[in-house]
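Work through the exercises below with the sequence and the structure open. Try each task before reading its solution.

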Amino acid sequence: STSHLCSCSKTVSDEKYQDPFQLGRKDLKNLYEDIKKELLVSTAELKEMCDYYFDGKGKAFRPMIVVLMARACNIHHNNSREVQASQRSVAIIAEMIHTASLVHDDVIDDANSRRGKMTVNQIWGERKAVLAGDFILSAASVALARIGNTTIISVLTQVIEDLVRGEFLQLGSKENENERFAHYLEKTFKKTASLIANSCKAVSILGCPDPKVHEIAYQYGKNVGIAFQLIDDVLDFTSCADHLGKPTAADLKLGLATGPVLFACRQFPEMNAMIMRRFSKPGDVERARNYVLQSDGVQQTTYLAQRYCHEASREISKLRPSPEREALIQLTEMVLTRDK
């Protein structure tokens with residue numbers, strides 16, 4: 001376990017401690033019912049596939065960040081304690097885009113489990129899974145158009161472009177070691193952090209006219225998003241499969257060199273050849289996993305995630321104090337110490 005590495009200084013005192021999930025809950029009430037309203041579906045099978053994913057059992061991590069950011073920016077701007085309907089719509093759209101990307105990712109990866117249950121592509125087949133992902137994206141686009149703000153439309157459609165570009169980056173690999181790490185971080189931003197960064201930016205634009213605040217919101221989301229993925233990549237090596245809800249060493253099996261592998265490679269250069277052939281030879285996955293666990297790759301990746309979280313806290317601290325701001329700071333801590 002890496003939890004002992006994550007004891008970075010407590011950023012909020014106990015009396016100011018705000019549980020982000022408690023604080024965000026009131027704005028996320030009926031979130032999944034509202035998503036299902038956006039997915040008014042003509043065919044029974046498509047409806048069944050959508051309901052299967054939006055079962056209300058997810059943590060709604062992204063929508064929660066979005067509504068907390070909306071409140072923090074509204075309070076900062078004019079002490080308004082209400083979340084606007086358009087800001088809540090951004091939270092719904094973010095969850096829809098995220099879920100569509102998971103459906104498509106599972107097809108690309110030929111994954112058979114997600115969040116501890118079978119994937120859509122395993123149950124309904126790849127073709128229908130691709131179409132279901134497309135359908136969820138199209139419904140998100142309709143909801144986005146309904147907000148009726150062209151700036152918000154361009155900010156959130158950037159996310160969809162980034163997701164595609166990130167997936168293409170993941171399918172390629174770099175020979176040069178330094179380029180490889182930059183490639184990995186760019187892929188991480190596009191596939192994971194862009195959604196959080198741009199959703200945070202969108203609600204800040206709706207709540208406050210100050211471009212400085214838009215940049216704070218964007219930087220917070222970007223840094224938290226990258227840290228979240230780095231910890232995800234660590235858990236692929238340190239967590240047990242049933243805890244994580246998906247098989248461990250899954251990334252190696254997909255041929256992916258994540259942070260822990262790239263750091264380990266500096267201590268064990270013989271991993272270079274394995275990275276280049278995407279761990280395709282028999283025994284590669286097991287050997288690579290052992291190298292990672294013998295190296296300081298997990299610690300280094302965790303340390304890097306801490307640096308991104310610290311930067312996220314530094315950014316959000318520029319806003320006027322509020323329970324929501326404190327909860328967003330608290331969230332950076334939770335990203336680091338989560339175990340699944």
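Predicted model: local features only at pLDDT ≥ 70, side-chain atom pairs only at ≥ 80, totals over all residues.

**Exercise 1.** Determine which residues of helix α1 are buried and how they are arranged around its axis.

Solution. Helix α1 covers residues 20-28. Its buried residues are P20, L23, G24, D27 and L28. Now look down the axis of α1: these buried residues fall within an arc of 135°, so they line one face of the helix. Then ask what lies over them. The cover includes α2 (31-38), α4 (61-78), α5 (85-109) and α17 (323-337).

Finish with the two ends of α1. At its start, a side-chain oxygen of D19 comes to within 2.9 Å of the backbone nitrogen of F21. After α1 comes N30, which has a positive phi near 60°.

**Exercise 2.** Examine the backbone of R278 and F279, then compare how accessible these residues are.

Solution. Take the backbone angle of each residue. R278 is not a glycine, yet its phi is positive, near 55°. F279 is not a glycine either, and its phi is about 50°, also positive.

Next, locate them. R278 sits in the loop between α14 (271-276) and α15 (284-294). F279 lies in the loop between α14 and α15 as well.

Now turn to accessibility. R278 has a relative accessibility of 23%, so it counts as partly exposed. For F279 the relative accessible area is 5%, and therefore this residue is buried.

**Exercise 3.** How many cavities of 30 Å³ or more are there? Describe the lining of the largest cavity.

Solution. The count is two cavities of 30 Å³ or more. The largest cavity holds about 190 Å³ of space. It is lined by 16 residues, and those closest to its centre are Q170, G172, H183, L256 and A257. The elements that contribute two or more residues to this lining are α8 (150-171) and α9 (177-207). The largest share comes from α9, with four residues. Sorted by class, the lining of the largest cavity has six nonpolar, six polar and four charged residues.

**Exercise 4.** Which residues line the second largest cavity, and which element gives the most to that lining?

Solution. Begin with the volume, which is about 30 Å³ for the second largest cavity. Its lining consists of E177, R180, F181, L262 and R266. Assign these to elements: α9 and α13 (259-267) each supply at least two residues. The most comes from α9, with three residues. Sort the lining by class to finish: the second largest cavity has two nonpolar, no polar and three charged residues.

Definitions and conventions: Residues numbered from 1 in each chain as written. Heavy atoms only, no water. Buried < 20%, exposed > 50% of the residue type's maximum accessible area, 1.4 Å probe, protein only. Arc of directions from axis to C-beta. Contact = heavy atoms within 4.5 Å. Polar contact = N/O pair within 3.5 Å; in protein donor to acceptor, adjacent residues only side chain to side chain. 1 Å grid on protein atoms, 1.4 Å probe; cavity = no way out; pocket = protein on both sides within 12 Å on 5 of 7 lines; lining within 4 Å. Points joined across faces, edges and corners; volume = space filled by probe spheres on them. Nonpolar A, V, L, I, M, F, W, Y, C, P; charged D, E, K, R; others polar.
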